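Please keep the sequence and the model in view while reading.

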Amino acid sequence: MYRWILEPAEREALLANIAIKSADKNYQVIVEISCVLSPEELFAVRRAYHNKYKRCLEEDVAANTSGHLRQLLVGLVSSFRYGGSEINAKLAQSEADALHEAIKNKNKSNDEIIRILTTRSKTQLVATFNRYRDDHGIAITKKLSDEGSDEFHKAANLAISCINDHKKYYEKVLRNAMEHLGTAEDALTRVIVTRAEKDLKEIKEVYYKRNSVHLEHAVAKETSGDYKKFLLSLMGKEE
């Protein structure tokens, strides 16, 4: 519950540090912070991380990763994307083709995947992902999953999911957190706390549409005590 009292940038910096230091190296949190937040919000998190830990976020990510995974994650956390709504259809076509070739060639062309995911605006990337689906009859996330299950492919898949539709992505995180034996409290808390003042209402709607159960009811069923009361209060529902 202590995470809720922190300012958003400080809270995200703390979550990033916990993820980096965790034994299982939870890169999911790093990807979420890098790909869901606006450029200004991400910059604020990097500044908060610097102030709190006397190191830069990119430095700690790089120190705990290697190879193409390091290049991707450092590129994502250090990016300051253009936030406009313009789309270059020709570029979307050419980079959808480039991604197709890179995925087909597996580890030989990861640099192209990294370049595209870490430099383009979110709007441009969504256009590219849509172009990919239209041209190849399969979502790029599904193709990535089919072609590789190493850490790089998993992180790239997460980044695409967060950029493409972060509300749908968070719905899946919440569903997975409560579907498995023993609720994954860290994931459940992270999503509800970090999105409570942003778009949790919309995420709740996506959850209901996907599961035919209100998120509040699912949370109430899977949690108890003060923790349950805390989460329900953030969702705007008292017991």
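## Charged side chains

Which residues are linked in a network of salt bridges? In this predicted model, the network joins E95, E112, R115 and R120. Searching the whole structure gives 14 salt bridges, and several individual pairs can be described in more detail.

One of them is formed by the side chains of E58 and R46, with an N to O distance of 2.9 Å. This pair links distant parts of the chain, since E58 belongs to helix α4 (residues 57-63) and R46 to helix α3 (residues 39-53), twelve residues apart. Both E58 and R46 are buried.

## The annotated binding site and T223

An unreviewed UniProt entry lists G182, A220, E222 and T223 under "binding site". From this set, G182 is part of the lining of the largest pocket.

T223 is located in the loop between α14 (215-222) and α15 (225-234). Its relative accessible area is 10%, and T223 is therefore classed as buried, the cut-off being under 20%. Apart from neighbours within four places in sequence, T223 is in contact with L188, K228 and L231, while its side chain reaches the backbone oxygen of V219 at 2.6 Å.

## V219 and the nonpolar core

V219 is also named among the residues with the most contacts inside the largest nonpolar core, together with L117, L188 and I192; this core has 70 residues. When residues up to four places away in sequence are not counted, V219 touches M178, L188, I192, L231, L232 and M235.

## T194 in helix α12

T194 is found in helix α12, which spans residues 185-195, and it counts as buried because its relative accessibility is 7%. The side chain of T194 reaches the backbone oxygen of R190 at 2.6 Å. Setting aside residues up to four places away in sequence, T194 touches R11, E12, L15 and T189.

Technical notes
Residues numbered from 1 in each chain as written. Predicted model: local features only at pLDDT ≥ 70, side-chain atom pairs only at ≥ 80, totals over all residues. Heavy atoms only, no water. UniProt positions renumbered as here; feature names shortened; annotations may be inferred. 1 Å grid on protein atoms, 1.4 Å probe; cavity = no way out; pocket = protein on both sides within 12 Å on 5 of 7 lines; lining within 4 Å. Helix = DSSP H or I, 4+ residues; strand = E, 2+ residues; numbered from the N terminus. Buried < 20%, exposed > 50% of the residue type's maximum accessible area, 1.4 Å probe, protein only. Contact = heavy atoms within 4.5 Å. Polar contact = N/O pair within 3.5 Å; in protein donor to acceptor, adjacent residues only side chain to side chain. Core = buried A, V, L, I, M, F, W, Y, C linked by side-chain atoms within 4.5 Å. Salt bridge = Lys/Arg side-chain N within 4 Å of Asp/Glu carboxyl O.
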